[in-house]
Amino acid sequence: MTEQQTAGQRRPQGSPAGGDPHQPYQPHPPRHAPRPQHAPYPQPPADRADFPGSLDFPDRADPPGPAGATGTTGTVEDGALRVRLGALRELVGLSRTRLDEQVLAEAGRVLDEAAARDRLPRAYTTVAIAGATGSGKSTLFNALAGAQLSEAGVRRPTTASPVSCTWEAGRGLSPDGLLERLGVPARARRRAHVLDPGLRGLILLDLPDYDSVDPAHRQQVDRLLGLVDAVVWVVDPEKYADALLHERYLRAFAGHADVSLIVLNQADRLPPEAVDAVLDDLRRLLDEHGVALGEHGEPGACVLAGSALTGDGVGELRKLIGELVAGRTAAARRLAADVDSVARRLEPVYVADGAQAPAGLTDEVREEFEDRLGTAVGAPAAGQAAERGWLRRADRACGTPLAQGMRRLAARRAERRGEPPALAAKRLRGDGSPAVSGPAVERAVRQLADEAADGLPEPWARAVREAAGRGAVELPGVLERALGDRSPGRPPRPGWWSAAAAGQAVLLTVQLMGLCWLLAVLIGQPVMGRWLPLLLLCLGSAGGPLLAWGCRIAARGPAHAYGRDEEWRLRRLAAELGHRQVLEPVAAELMRYREVRERFVVAASPAGGTELSASGG
């Protein structure tokens, strides 16, 4: 149950939960998934006066007991509850730095209440009788106790503070700790005058009126409803359909139906034929407000009619309370219902869409980010520039002497125009360091964050984007420094370039020889053969360009491989830095989310399992 803490309730120091004591009692809305069906309340052995297992966290072992001392229902429920409370505690611890404190306040309160309840005697079950002014709850309390313990009368409100009646659980088992936790004054503590073995271990509370004109009374009711193990709701024929009861309490109490009893008191004021009609209408209202009814063997709230004045129905009510107490699972069921309520409230924070976990950083997402980052650092352009530079060096090494002379002439003209020699050399080399595009880097990081956060609940999606954003601030500068420090070296000179250069020299010699020979023939010098110089001149003139063209064709493959290697080098460098600056922080956030989601699944599962229900929780 999830009412706000009041000023009178003590909390352990350091508790994350807190609340305004003046706010109305607002438990959680009803669950949509059905609760697991409970077995009938088992009767414990006469020598067993303790709970069938500890309700604390998993690091505390169950106390040993005699064989057969624990019923199957209690063992399963308590074991599952220990697992769920442990998972909830881990969930809160892992989420503190990512979620607002108010989001986790209710979970912290439930953990505090579970720890406080476990430190107190588990042999006792606290059952509160709650009702409106004039509903006869104090009279019903006295009828169950078998004595005039609580003041009942026409003055309103009659009950100003809670009154308790205790049926001793056994020698050496004091209820004082529980009564102190409940805040029952010492003067209002009573012991049962009629020793009923069926009610052994019961602490019955008569609460103030929840609709009292005194705000302090209402605050006491809200506080105590958050602490007791079970509640008996008392209604009368006049106010059984009261909106305050159904909207503020019963609707919000729907998740705790199997530790609730609804009694239509003062049924003697109705004709016999009208009692069934009022009960049917009451059941209809409860069903409309999501309160499960314990009918046909299903778990849920029991509805019965009776009269505290005439005693009709009191015996049946005492029997139902006795079964609830004898089973000694009411505290575990109450805490389990509280954990269910917390899980329903936290579900939007941990599960966004359905039961499937988000994909997160898949291989495809990583590859796309590295590809975009490589484009941002100019890896494709750098690869193309390296390829062109390799081809230019091949042309200079293997080209004709005339082409090399033309290049030198163009360089001298550039110098005469005032162009810096370093710029001209850089243009000729084509191996300058690429520039990093800051906007492209930011866009790549933003797209990665959006893809990684897809399907995450908003708080965790925001944490992923913030982690990626922090890395994106420094990433462009880191990339620029890394690219400047790791500029590519000059590629090795292939051996066939020297052979081609020697061939160009031979062809130039042949060309000059043929030209000189041809000039000698033209001036009338006697030489051997007139066609031979022309052949040498043609061979030298055509062979040089043909050799340069062949070398250019042969250089395309190695140039492309060199450019591809340069592009891959830059992409690998950008991927390494992007992984360190962005991917690792994002992956850490996703890992934390997977951990808390696993813990949430365990905490939300009624059996402490590891699978989400069909509703995702």
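**Helix pairing, cores and salt bridges**

Arg-372 and Glu-368 lie four residues apart in helix 10, so about one helical turn separates them. Helices here are DSSP runs of H or I with at least four residues, numbered from the N terminus. The model is predicted: local features need pLDDT of at least 70, side-chain atom pairs count only at pLDDT 80 or more, and totals for chains, interfaces and linings use all residues. Residues are numbered from 1 along each chain as its sequence is written, and side-chain values use heavy atoms, with hydrogens and water left out.

Arg-372 forms a salt bridge with Glu-368, with the closest N and O atoms 3.9 Å apart. The rule asks for a side-chain nitrogen of Lys or Arg within 4 Å of a carboxyl oxygen of Asp or Glu. Glu-368 is partly exposed, at 30% relative accessibility. On this scale, buried means under 20% relative accessible area, exposed means over 50%, and partly exposed is in between (1.4 Å probe, protein chains only).

Helix 10 (residues 363-376) meets helix 14 (residues 438-452), their axes coming within 8 Å and crossing at roughly 170°. Axes are lines fitted to C-alpha atoms, for helices over the stretch in contact, and angles run from 0 to 180 degrees between N-to-C directions. The two helices are therefore roughly antiparallel, a label for angles over 145 degrees. From helix 10, Glu-368 and Arg-372 take part, among others; the helix 14 side includes Val-441, Val-445 and Leu-448. Contact means heavy atoms within 4.5 Å. The residues of this contact divide into nine nonpolar, one polar and three charged.

Now the nonpolar cores. A core is a set of buried Ala, Val, Leu, Ile, Met, Phe, Trp, Tyr and Cys residues joined through side-chain atoms within 4.5 Å. The largest has 73 residues, and Ile-321 is among those with the most contacts inside it. Beyond its neighbours within four places in sequence, Ile-321 touches Leu-144, Leu-199, Leu-202, Val-232 and Leu-261. A second, separate core of 64 residues includes Val-445.

Back to charge. Side chains of opposite charge can pair when their charged atoms come close. The count is 28 salt bridges. Glu-180 and Arg-189 form one, at 2.9 Å from N to O. Glu-180 is exposed at 55%, whereas Arg-189 is partly exposed at 22%. Arg-283 and Asp-280 form another, at 3.5 Å. They sit three residues apart in helix 7 (residues 272-288), so about one helical turn separates them. Lys-137, Asp-206 and Asp-209 are linked in a network of salt bridges.

Conventions:
Angles under 35 degrees count as roughly parallel, over 145 as roughly antiparallel, 65 to 115 as roughly perpendicular and the rest as oblique. Ala, Val, Leu, Ile, Met, Phe, Trp, Tyr, Cys and Pro count as nonpolar, Asp, Glu, Lys and Arg as charged, and the others, Gly among them, as polar.
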